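This report describes selected features of the structure shown below. It covers aromatic contacts, the nonpolar cores and some backbone details.

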Amino acid sequence: MPSLYSPPDFSRRLWRLLSVLLALSWLTACQQSRAPDAPATAGAEPPPPAAAPAPPPPPPPAIEAPRPVPAPAPAPAPPPAPDKPPPKTSAKPPAAANGGGPVAGEASPSIPQFDWPPPKASAQQAIPDKWLRTGPAPTLASVADKFEKSLKLAGYAQRSYYSVPRGFALATQFEQIRADGTPLPGDDRWKVGPPRVGNLSLLAFIQALAHAPAGTYRAIVFVVTDAPWVQSTTAPSDAQIMAWAGSGAAALPASIGNLPYSDGYRAHALIYEFRKGASGPAESVLPSAVSGEAHLERGGIWTPLSII
């Protein structure tokens with residue numbers, strides 16, 4: 001049996017193999033050249049159409065140039081300032097009132113102080129507040145002026161001013177009265193004499209009444225203040241007696257009179273009644289058998305106060 005690799009057979013077989021390989025290569029090349037680029041598969045859906053190209057983006061909106069902001073309107077000119085009113089001056093009584101006391105701005109004289117709290121009185125009476133609040137802006141001076149005019153109409157020729165906390169005290173002269181508070185007629189009313197003892201000094205009382213006839217005597221003190229107070233319940237000491245010895249002032253100083261008579265102020269009348277026998281010193285009557293209002297009415301002061 002001849003060998004497979006014998007020279008004649010080997011050459012023929014090699015040649016046949018090469019020929020088959022060349023034929024296969026040529027057929028493969030021919031099929032590739034004839035085949036479509038993308039052969040369709042039977043039963044397969046056709047490929048979707050190519051998407052339409054996206055429309056070009058819209059052009060950006062035109063940027064409007066900023067409009068100029070109008071300038072603010074000028075502020076209106078302020079109205080012309082009204083003429084300044086004349087400066088207000090503190091109210092003061094007329095020259096005749098209060099004895100022609102000093103006006104505001106002048107140095108006011110010092111006046112004696114009334115003993116505070118006031119000594120025990122024989123009777124007391126509140127003055128109706130509406131009687132004293134006359135005019136748009138009452139002051140202590142206007143109140144004092146009302147008291148002075150009423151005292152003058154009632155026949156009181158003398159008066160004395162004293163200072164009290166945030167106010168004043170106005171005292172009348174001594175007068176002789178009957179037991180019911182009615183003054184003696186004519187000059188007998190003023191037989192005590194001219195000394196002013198408005199501060200109700202017991203020493204002054206003793207001196208004034210030493211030579212006075214027996215009888216009943218009265219002095220009235222008007223107290224005007226917004227400070228709270230009650231009458232003293234103790235007897236005065238020797239030092240107080242000596243301090244009360246001086247006389248008061250004939251006029252209310254502007255430093256007190258210019259104070260406004262505001263809501264807290266009130267006025268009261270204190271009646272000091274003394275009885276003197278034929279011998280011995282005068283004695284204070286505590287309490288008086290006559291009311292405070294009756295003393296003022298019978299002394300001729302109450303009615304003028306209510307109408308002036």
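## A charge over a ring

A charge is taken to sit over a ring if NZ of Lys or CZ of Arg is within 6 Å of the ring centre and within 35 degrees of the ring normal. In this predicted model, arginine 189 lies over the face of tyrosine 156, at 4.7 Å from the ring centre.

## Aromatic pairs

The whole structure contains seven aromatic pairs. One of them joins tryptophan 116 and tryptophan 229, with ring centres 5.9 Å apart and planes at 55°, so this pair is tilted. Tryptophan 116 belongs to the loop between α1 and β1, and tryptophan 229 to the loop between β5 and α5 (238-243), so the pair ties together parts that are 113 residues apart in sequence. Tryptophan 116 is partly exposed at 28% relative accessibility, whereas tryptophan 229 is buried at 18%.

Tyrosine 156, the residue under arginine 189, also pairs with tryptophan 190: the centres are 5.6 Å apart and the planes are at 75°, so the pair is edge-to-face. Here the loop between α3 and β2 holds tyrosine 156, and the loop between β4 (175-177) and α4 (202-209) holds tryptophan 190, so parts that are 34 residues apart in sequence are tied together. Tyrosine 156 is buried, at 4% relative accessibility; tryptophan 190 is partly exposed, at 23%.

## Nonpolar cores

The largest nonpolar core has 30 residues, and those with the most contacts inside it are Ile127, Phe147, Phe168, Phe222, Val224 and Ile301. Two or more residues each come from α2 (129-132), α3 (140-153), β3, β5 (215-225), β6 (266-276) and α8 (302-307). The most, five residues, come from α3.

Beyond its neighbours within four places in sequence, phenylalanine 222 is in contact with residues including Ile127, Phe147, Leu151, Phe168, His268, Leu296, Ile301 and Leu305. A second, separate core of twelve residues includes Ala169, Ala171, Val221 and Val223.

## Backbone details

Tryptophan 116, from the tilted pair, is joined to proline 117 by a cis peptide bond with omega near 0°. Proline 117 is in the loop between α1 (7-34) and β1 (123-126). Another cis peptide bond links leucine 286 to proline 287, with omega about -10°. The loop between β7 (283-284) and α7 (292-298) contains proline 287.

Arginine 166 has a positive phi, near 55°, and is not a glycine. This residue lies in the loop between β2 (159-164) and β3 (167-172). Arginine 166 is partly exposed, with a relative accessible area of 47%.

Definitions and conventions:
Residues numbered from 1 in each chain as written. Predicted model: local features only at pLDDT ≥ 70, side-chain atom pairs only at ≥ 80, totals over all residues. Heavy atoms only, no water. Helix = DSSP H or I, 4+ residues; strand = E, 2+ residues; numbered from the N terminus. Buried < 20%, exposed > 50% of the residue type's maximum accessible area, 1.4 Å probe, protein only. Core = buried A, V, L, I, M, F, W, Y, C linked by side-chain atoms within 4.5 Å. Contact = heavy atoms within 4.5 Å. Phe/Tyr/Trp six-rings, centres within 6.5 Å; stacked < 30°, edge-to-face > 60°.
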